Amino acid sequence: MAETHSLQELQTPPVSSKVFIQRDYTSGTICRFQTKFPSELENRVDKQQFEDTIQTLNNLYAEAEKLGGRSYLEGCLACLTAYTVFLCLETHYEKVLKKISRFIKDQNEKIYAPRGLLLTDPIERGLRVVEITIFEDRGVGSGR
Amino acid sequence: MKNDYQQIDPKTLPMPAPSHPPAPRGGDQEERQPQEQRRKARRKWQVFPGRNRFFCDGRIILARKSGVLPLTLGLILVTSGLFFVFDCPFLVQHLTMCVPVIGGVLFVFVLITLLQTTLTDPGILPRATPDEAADIEKQIDESRNGGYQSPPRTREVEINGQVVKLKYCPTCKMFRPPRTSHCRVCDNCVERFDHHCPWVGNCVGKRNYRFFYFFIVSLSFHTAFIFGCVTTHLALMIQEHETSFSHMDLELVVCFFSVWSIVGLSGFHTYLVASNRTTNEDIKGSWSGKSGGEPVTNPYSHRNICKNCCSILCGPMPPSLIDRRGFLPEDECVQTGDGGDIELPVLTTKNEINMVGKHPCLPLHPAV
C-alpha cells in the first residue's frame with residue numbers, strides 16, 4: 001500500500017523547485033558541468049551519488065568531444081565525401097549523446113525518481129545546464 | 001489522500017490525460033478531439049524565436065536575411081559556366097583533358113561547401129527557459145546584494161589560467177558561454193561566433209566554420225585556376241592572331257578582383273585557424289595586449305598549430321542544440337505557442353501533462 005501510495009504521488013506531485021547545475025568552463029569550452037553539490041538537494045540525495053552522476057556525465061561528454069585518431073578520421077572522411085557521409089552514418093558525438101540519454105533515464109529510474117527528483121537531459125537545455133526538478137515530498141508532510 | 005488526485009478530473013481536460021488509455025481507434029467523440037489536437041502538434045522550428053527561415057519541415061535552416069548570397073551564387077555559376085562552355089573546349093584541344101576535370105572537381109567542392117555553410121545551423125544556442133532565466137535573475141540579485149565589485153550582468157571565470165568575462169545576454173536571458181556572441185542580424189546567440197557573413201547569408205560559428213573555411217580556400221583555388229586558364233587561353237589565341245574573346249573579359253575581371261580578396265581572406269582565416277581565434281576576437285583584440293599589467297593569452301589555443309588546425313577542421317562535429325524537428329510539449333499547443341519552453345506549472349494539471357509529454361521514465365500511467 002505504501003509503495004502504491006508513493007507511485008501515485010509521483011504521478012501528480014507539484015513541482016517544488018528546480019535546481020540548475022551550471023557549466024564548468026575552467027578547462028575551456030568543452031562540455032563539463034560543475035560537481036558542486038547544491039544545498040537544495042541536501043535532504044534528498046546522497047552527495048556522493050550526485051557527484052558520481054555528474055562526473056559520469058562529464059566523462060561521457062569528454063568522450064564525445066575527444067580529439068584523437070578516431071575523430072580526425074571521421075572528420076577527414078566527412079571532408080572527402082563533402083559531408084554527405086553523415087546522411088547515412090551517425091557521428092560519434094550523436095552516438096555518445098544517445099548513450100547519455102540512456103544513462104540519465106537509468107539514473108532517474110534507479111536513484112532520482114524514488115527520491116522525488118528528476119534529471120533533465122542537458123541536450124534539452126542546449127547543453128547549458130543540468131536541470132533537476134524537485135517534486136514535493138508528501139511523505140515528509142511538507143504539502144501545500 | 002485520494003481527494004488530492006480526484007480534483008484533477010481527466011475528463012474535463014481538453015488534452016489527453018494520462019489516465020485515459022491511448023485510443024488510436026478514436027471511436028469515442030471525446031477521445032477524437034484530443035486525437036485531432038495531438039495531430040496538430042507543432043514542431044519547435046515553427047515557434048523558433050530567432051530570425052531564421054526553415055525548409056523541409058525544419059531540416060534546413062537559413063538566416064532570414066540572405067544578404068548577397070544570390071550574388072555569390074550568381075558570380076560562381078556564371079563565371080564557371082563561361083569557363084566550361086568557352087575555355088574548356090579550347091584548352092582540352094590545345095593542352096590537356098585535365099583542365100575541365102580539375103575545374104569540375106573544384107567547382108563541385110565550392111558549391112557543396114557554400115551550401116553547407118549557408119544551410120547549417122552555425123551553433124545557435126536555444127534561449128533560456130523561464131525557470132532558468134528566473135534562477136539566473138535570482139543569482140544576479142544575490143550577487144548585487146553581496147556587494148561584489150564586478151557589474152551584476154557579468155561573470156568572471158578562469159579558463160586555463162586566463163580570466164574571461166562572461167556577459168549576460170538580455171535577449172536570450174542567460175550568461176553567454178565563452179566565445180559565444182549574439183548576432184544582431186539573426187537575433188541568436190551563436191557558439192564560437194566568428195562573424196555574420198552576408199556573402200553566404202548566415203552566421204559563421206562553431207558548427208559551420210570548417211565549411212566556411214573550406215569554401216573560401218576552395219574558392220581561392222577555383223578562382224585562381226579559372227584566372228590561369230583564361231589567361232592561358234587568351235595568350236594562345238593572341239599567338240594564333242585571334243581577336244574575338246569578349247566572353248573572357250567578364251571572366252578575367254571577376255577572377256582578377258576575386259582572387260585578391262578571396263586569397264587574402266583565406267590567408268587571414270588560415271592564421272585564425274592556426275592560432276585558434278575567431279574573427280570576432282581578432283577584431284576586438286581579445287587576446288592581444290595586456291589586461292591589468294598582465295599579458296593576455298588565448299586560453300583556447302592548444303599551443304600547437306597542427307593541433308589547432310586539426311581540432312577546428314577535423315574535430316568532432318557538435319550536434320545542433322536547437323532541436324528544430326522536436327515536437328512542442330502538448331500544453332504549448334494549447335497555449336499561444338510562443339517560443340520558449342515549459343513554464344513552471346501553477347496547477348497540478350499542467351504538471352501532469354508536462355510529465356507525460358517529457359518524462360516517460362516516471363511511472364505515470366495508472367492504466368498501464
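I start with helix α2(A), which has 18 residues and reaches 26 Å from its first C-alpha to its last, close to the 26 Å expected at 1.5 Å a residue. That expected span is 1.5 Å times one less than the number of residues in the helix. Helices (H or I, at least four residues) and strands (E, at least two) are DSSP runs, numbered from the N terminus.

A word on provenance. This is a predicted model, in which local features need pLDDT of at least 70, side-chain atom pairs count only at pLDDT 80 or more, and totals for chains, interfaces and linings use all residues. Residues are numbered from 1 along each chain as its sequence is written, chains are lettered from A and ligands numbered from 1 in the order in which they are written, and side-chain values use heavy atoms, with hydrogens and water left out.

Which residues of α2(A) are buried? They are Phe50(A), Thr53(A), Ile54(A), Leu57(A), Asn58(A), Leu60(A), Tyr61(A) and Ala64(A). Buried means under 20% relative accessible area, exposed over 50%, and partly exposed in between, with a 1.4 Å probe and protein chains only. Viewed down the axis of α2(A), the buried residues fall within an arc of 160°, so they line one face of the helix; the arc is that of the directions from the helix axis to the C-beta atoms. The buried residues of α2(A) pack against β1, α4, β2 and β3 of chain A, where contact means heavy atoms within 4.5 Å.

I turn to the nonpolar cores. A nonpolar core is a set of buried Ala, Val, Leu, Ile, Met, Phe, Trp, Tyr and Cys residues joined through side-chain atoms within 4.5 Å. The largest has 38 residues, and those with the most contacts inside it are Leu41(A), Val45(A), Phe50(A), Tyr61(A), Ile100(A) and Ile132(A). Both chains contribute: elements that each supply at least two residues of this core include α2 (47–64) and α4 (92–112) of chain A, together with α5 (130–145) and β5 (162–169) of chain B. Its largest share, eight residues, comes from α4(A). Apart from this core lies another, of 28 residues, among them Phe107(B), Val110(B), Cys197(B) and Tyr213(B). Returning to Tyr61(A), its contacts beyond four places in sequence include Cys31(A), Phe33(A), Leu97(A) and Ile100(A).

Next, chain B. Its secondary structure comes to eleven helices and twelve strands, and 49% of its 368 residues count as buried. Cys189(B) is found in strand β8 (residues 188–190) and counts as buried, at 0% relative accessibility.

Most residues other than glycine have a negative phi. Arg179(B), in the loop between β6 and β7 (181–183) of chain B, has a positive phi near 70°. Asn276(B), in the loop between α7 (246–275) and α8 (279–284) of chain B, has a positive phi of about 55°. Arg179(B) is buried, with a relative accessible area of 13%, and Asn276(B) is buried as well, at 5%.

Finally, the second largest cavity is lined by 13 residues, of which Glu65(A), Tyr93(A), Leu127(A), Glu191(B) and Lys206(B) lie nearest its centre. A cavity is a set of points, on a 1 Å grid over the protein atoms alone, where a 1.4 Å probe fits but cannot get out; lining residues have an atom within 4 Å of a point.

How values were computed: On a 1 Å grid over the protein atoms alone, a cavity is a set of points where a 1.4 Å probe fits but cannot get out, and a pocket is an open set with protein on both sides within 12 Å along at least five of seven lines; lining residues have an atom within 4 Å of a point.
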